[in-house]
Every structure is written in C-alpha cells, then in structure tokens.
Amino acid sequence: MDLLEYQAKALFRQMEIPVLPSQRIDNPADLKGLKIPYPVVLKSQVRAGGRGRAGGIKFVENTIDAVAAAQTIFNLPIESEYPQVLLAEAKYNADQELYLAVLLDPVARRPVLLGSQQGGMDVEGSIDKMQQVVVDQEFSPFYARRLMLKMGLQGNLIQSVSTIVEKMYRLFVEKDLDLVEINPLGINPKGEVMALDGKVSANNDALGRHPDLVALGAKKQDTKLPGERRSQTERLRANSNLLHSSLELAPTSPSQISNSEPLNLVELDGNIGILCNGVGLTMATLDAVVQEGGKPANFVNLGSLDRYDSVDALRDRAELALELVSQDKSVKVVLVNILASTTTSEAIIAAVVGYLERKTRANRQLQIVLLLVGIDRDAVKKRLGQLHVQLASTLDQAVAQAVSQAK
C-alpha cells in the first residue's frame, strides 16, 4: 500500500523528522482559508513520480493565483490518476538536495540504506552515483554514518543527515514497511535539513498489526491502482497460472533440456522486456516494475538453472530468451534479473555480451539492465565495455533504471 505524500509526512512528524508547515486542500475554495503565509507550493497528491515535470507542482504568491493553480492541478491526470487532494506547503530555500531511502531488498532479504548527493528530479539520471549500505546485523548508528561517508558528506551534515536516516529506519521497522523515501532532503544555507517530499510503502501482509496505517489508507481517494496500472497488474495476475504451468511442464532432468524446446514467452503491451529464473522471482520483478510505473512488454522464465546440463547450454538458452523478449519493436529496455551461482552468472553475462554484440552489428540499439547477485562488478563492467548495459545491485535499483530507460 503506497501512501500519498501528505500521509507519509504525517508519519515523519511522529518520528520527529523535520517537515514544512502544510495544509491539506480538498478543493480550490479551501485556499481562501489558507493558514500558511505566501509564497507556498501546491502539490498534486498522486502516487506517480515526476509530478513536477508533469505540471502537478506549482509555486504561487497569492490567493488568486493559488485558486487558479489548484483548479488546474485537480484537473491534471498524472499517469492516468487524478488527485482528490492537494498539499499546500511553505516554500523552502534549499542550497542542496539529497536522496535518502530505507527499503527491503527481497533478494538479499535485508534492509538497505540508499543515499545520493543528487536528489530531487535529477535522481533518476544519477543512479550510478547512488550509494548503499546493507543492514546485515542489528541496526546501529554505525550504518547511517557509513552511508554518510560513502555519500561524501562532510562536517555537521554527517551528524544531521545520519539522524534523519536513523529515524527513517526506526519508522521502517516499527511500521513493517517496504520503503521509506525522502526525495529530496533539502539543506538550507544554514545547514538545516528538511524532508521536502516523502514516500512510504506499507507491507500489505503486515497491515493487520498497524490499524493506524489502515486508517491512513482508508482516507485515500482511491485504494485501487489508477486505470492504466490496474489493467497491467490484472493482466500479470491473469498470466500467473500460465507462468506456473510453464514451469511445471518444463523438464526437470538436465538431460531433457535442449534448445529445440520452445521457451514460454508471455506477451503484454508495454515496453520493458523481462527475463528471470523462477516463478517467484519473475512475478516479484513484474510487480515491482508495475509499482514503479513501468509497463512490461513480455516476460520469459528460464526456470531452475540447475536443469541445464552445461554452462554452454544455459548461455545459449539465455541468449535465445533475450532474442524472444526483444523481438517486439516496442521493447526499449530488457530487465534481466537472475539468481545464479558464480558459474551460472558467467553464462548469463556471456549471453548478454553475445546478444548485444550481434544487435550492434545489426544496428539496433537496445538497453539492458542486469541484476546478478555476488558478481565482481568491476570485472563485469570491464568485460561489458561500451555495450549498452547498466549493472544494478538491488531489485529496486534495477527496476528504477529500467523504467527510466523505457521512458
């Protein structure tokens, strides 16, 4: 369950994470009783990202301009979602904007701290500068300070931003959340920090322990996904039986695997091809892409990698799968998310290299986002050279890269 910004900031206040004075606006007339001094910023309250670029965030200097801006924003759909609520917030003078997040990595099964000195609307273009710290033991302030040092923060910012991360982590744990994100965390000329925007994703399976989150969700204008995303999700779920069937019918003995056997390509209507191994990983990847606002074009499940009798057989099979998911000209990027050993990871990398080299000779440029666990990233980057591949460290990072490239 994704909360809207004003709901996320209500949780931030509970944790004493600094947020600006704000007021919920249910209709333009509410602005005549605005209690926040001008200038203010009006923000569309929708789940989609990129509100600023879409025109859903406007700065206003007086009531007349505010009412006119509110009417425009209320009638502006962002990724097929119309806002039922706006947030009026005080204007903040930020010299610097950071990105911070605490999320659950479903592959590593550990909380991960993310941070970048480039936040705000530019964060999508600076994924390669994102720093991460995996919380692999009981949490302590050490983890937050380690992230600060990896981000390159200095002086008093190390302590002030570390404190914010510690509070984000406490919120993450206490509410059983999947994600707590502040983007951006503004820093003013005095060095004071302020959460200028926030996102919170609750774990649906844990809502029974958190009636306060259920109450927040009940206040939302529409607890379903907007039309475009809803149809995508329903289509994915409808295909889940087909995905399970394809795995059950697949031969389980290595000797039965051959490249003559057809791979099961499930077609949708988006622009992101997906290649995974295993039913659970495939469905988790599909769901993550949809939740990020992406549109899967199709997917192929390679099944258990243990079923292949040799590394060469797996490499050939993976290369064939890449051909399948990219054959539709609408596919702009292929997301490869494989759980593999060192040996099988090498086969997947070889398949990606062979596939892209052939595509380069054929003058077709296609971007691949590759997520493999436990690889030597420097060695893999050197091997990939100038090929159009982005390496990701986590599922969320891979999905963000793929959705950004597809757009």
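Colleague: Let's start with a detail. Which backbone nitrogen does the side chain of Asn 301 reach?
Modeller: That of Gly 303, at 2.8 Å. Keep in mind that this is a predicted model.

Colleague: Is Asn 301 buried or exposed?
Modeller: Its relative accessibility is 12%, and buried means under 20%, so Asn 301 counts as buried.

Colleague: And where does Asn 301 sit?
Modeller: In strand β13, which covers residues 296-301.

Colleague: How many bridges hold β12 and β13 as a pair?
Modeller: There are 5 bridges, and β12 (residues 272-276) pairs with β13 in the parallel sense. Within that pair, Gly 273 of the protein stands opposite Asn 298 in β13.

Colleague: Changing topic: what is the strand order in the open sheet of 4 strands?
Modeller: That one goes β1-β4-β2-β3, with antiparallel pairing. Its edge strands are β1 (22-25) and β3 (57-60), and each of them pairs on one side only. The twist here averages 20° from one strand to the next.

Colleague: How many bridges join β1 to β4?
Modeller: You'll find 4 bridges between β1 and β4 (residues 86-90), with the two strands running antiparallel. Arg 24 stands opposite Leu 87 in β4, if you want a pair to click on.

Colleague: Which strands does helix α1 touch on that sheet?
Modeller: Helix α1 (residues 5-14) packs on the sheet and touches β1, β2 (40-44) and β4. The direction of α1 makes about 50° with that of β4. Helix α3 (residues 63-74) packs on the sheet too, touching β1, β2, β3 and β4. For α3, the direction makes about 175° with that of β3.

Colleague: Now β5. Why is strand β5 described as largely enclosed by the rest of the structure?
Modeller: Because 7 of the 10 residues of β5 (residues 96-105) are buried.

Colleague: Which strand is joined to β5 by antiparallel bridges, and how many bridges are there?
Modeller: Strand β8 (residues 177-187) is joined to β5 by 7 bridges, and the two run antiparallel. Glu 97 stands opposite Gly 186 in β8. Then β5 also pairs with β6 (residues 110-116) in the antiparallel sense, over 7 bridges. There, Tyr 99 stands opposite Ser 116 in β6.

Colleague: How many residues lie between β5 and β6 in their hairpin?
Modeller: There are 4 residues between them, and Arg 109 in the turn has a positive phi of about 55°.

Colleague: Let's zoom out. How many helices and strands does the protein have?
Modeller: It comes to 13 helices and 16 strands. Of its 407 residues, 53% count as buried.

Colleague: What share of the contacts join residues at least 24 apart?
Modeller: It's 68%, counted among contacts between residues at least 6 apart in sequence.

Note on methods
Residues numbered from 1 in each chain as written. Predicted model: local features only at pLDDT ≥ 70, side-chain atom pairs only at ≥ 80, totals over all residues. Heavy atoms only, no water. Buried < 20%, exposed > 50% of the residue type's maximum accessible area, 1.4 Å probe, protein only. Pairing = 2+ DSSP bridges. Axes fitted to C-alpha atoms, helices over the stretch in contact; angles between N-to-C directions. Contact = heavy atoms within 4.5 Å. Polar contact = N/O pair within 3.5 Å; in protein donor to acceptor, adjacent residues only side chain to side chain.
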